[in-house]
Amino acid sequence: MKRALLTYGSVIQLQARQNVIASRSKLVVAVQATRKQHADTAGQKIKSPVCSYNEWDPLDEVIVGRPENACVPPLTHEVKAITSHQQWEFFRKFGGQFFPQEHVKKAVSQIEEMCNVLRHEGVTVRRPDIVDWSKTYETPDFKSKGMYAAMPRDILIVIGEEIIEAPMAWRSRFFEYRAYRSLMKEYFQAGAKWTTAPKPLMSDELYDQNYPMEYVKDRHNLASEGHFKQCCATSHKKKLWKVTNLFGIEWMARHLGPDYNVHLLQFKDSKPMHIDATFNAVGPGLVIVNPDRPCLQSEMFNKAGWKLVKAPKPMVPDDHPLWMSSKWLSMNVLMLDERRVMVCKHEIPTIRMFESLGIKAIPVDIRFANSLGGGFHCWTTDVRRRGVLESYF
Ligand code: DAV
């Protein structure tokens, strides 16, 4: 029987020109699918340890990233395109070196505590391997070092019984998959379907060196002139994440096949990065939206009876370092099921919003970990949620 499902997806993040696929875990994809079980070579049904159809069914198993050995990315073109100008001095000074050690130590203990809370809530927690990210590496196309295995949501997505590994959009993240190899092999051997999407070469030609980095106004002009730059880029009209390109989306759509519909969502945002501090689907028919980044496809959701709830303003103090994100990590939450949400304990307005929706807040503090560029959603990848395919549109 054919059913439809809305899963959020790690779709395709890109950073480069049309002939590149780079992917990341954060686009909302609406999919229609027939649930299939994979058969082993003897034709017997085997159950996959990896299985998820949305982001709110009861969470059984999750991968939580690691701050250990995190290295500051060198200030390359693609990094400039999505980081705030105020941070560039930091990247210039520390690019290629470890993030400030005292800060990382605090992030490590906050993430350990987050793992403990998840376990206490009945979730199995898995971690990537510890890797030395300070090593310089070279491919025939570029040389880099870095960066970390802190944000598994950027690199891994589960759709049905398949786990898909995305190529990364930054050169400093090219070899990030190495931290997840042991886990991937284990899931594969236990019956998961495991796919790695094609990696871009990431040579200089891949990047649009003329993309206007300096002024947000220039980017707005680009949009109103109707230009559409794929590199580092996006316009007001077509928001692809700076880390998402059409080539990658096409790859994902074809890979998933005719049973799935992939919807492209567009947002007004001059600094687009990942979707989950912009638009976060937290329940069947419920999405938390960033009031500063309106979605151009809201109508599609309204028509289908979805409720779009505006996230309250974040409470992060101005002097707290956020090297690779905005303060909107406040809405970057993790659903443990439809009625429980892991949320920052300092974000009282966000906690109240969830409570008013009948969702119990599990407050945790990962502010030091936030500095590395993500909230609870970014720091995790859902491996297994108990649920079935449903139709939401
Ligand atoms: O502020 O929109 C969100 C998540 C980055 N991993 C932002 C960034």
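## Around the ligand

A backbone N or O atom of G373 lies 2.9 Å from a nitrogen atom of the ligand, a polar contact in the sense of a pair of N or O atoms within 3.5 Å. The protein covers 97% of the 280 Å² of accessible area that the ligand has on its own (Shrake-Rupley method, 1.4 Å probe). This is a predicted model, where local features need pLDDT of at least 70 and side-chain atom pairs pLDDT 80 or more, while totals for chains, interfaces and linings use all residues. Residues are numbered from 1 along each chain as its sequence is written, and side-chain values use heavy atoms, leaving out hydrogens and water.

## Backbone points to look at

Now to the loops. G146 and M147 are joined by a cis peptide bond, with omega about -10 degrees. M147 belongs to the loop between β6 (143–145) and β7 (156–159) (strands are DSSP E runs of at least two residues, helices H or I runs of at least four, numbered from the N terminus).

N69, not a glycine, has a positive phi of about 60 degrees and lies in the loop between β3 (59–64) and α1 (77–80). M202, not a glycine either, has a positive phi of about 65 degrees, in the loop between β9 (193–196) and α5 (216–224). M202 is buried at 1% relative accessibility, whereas N69 is partly exposed at 28% (buried is under 20%, exposed over 50%, partly exposed in between; 1.4 Å probe, protein chains only).

Notes
Polar contact = N/O pair within 3.5 Å; in protein donor to acceptor, adjacent residues only side chain to side chain.
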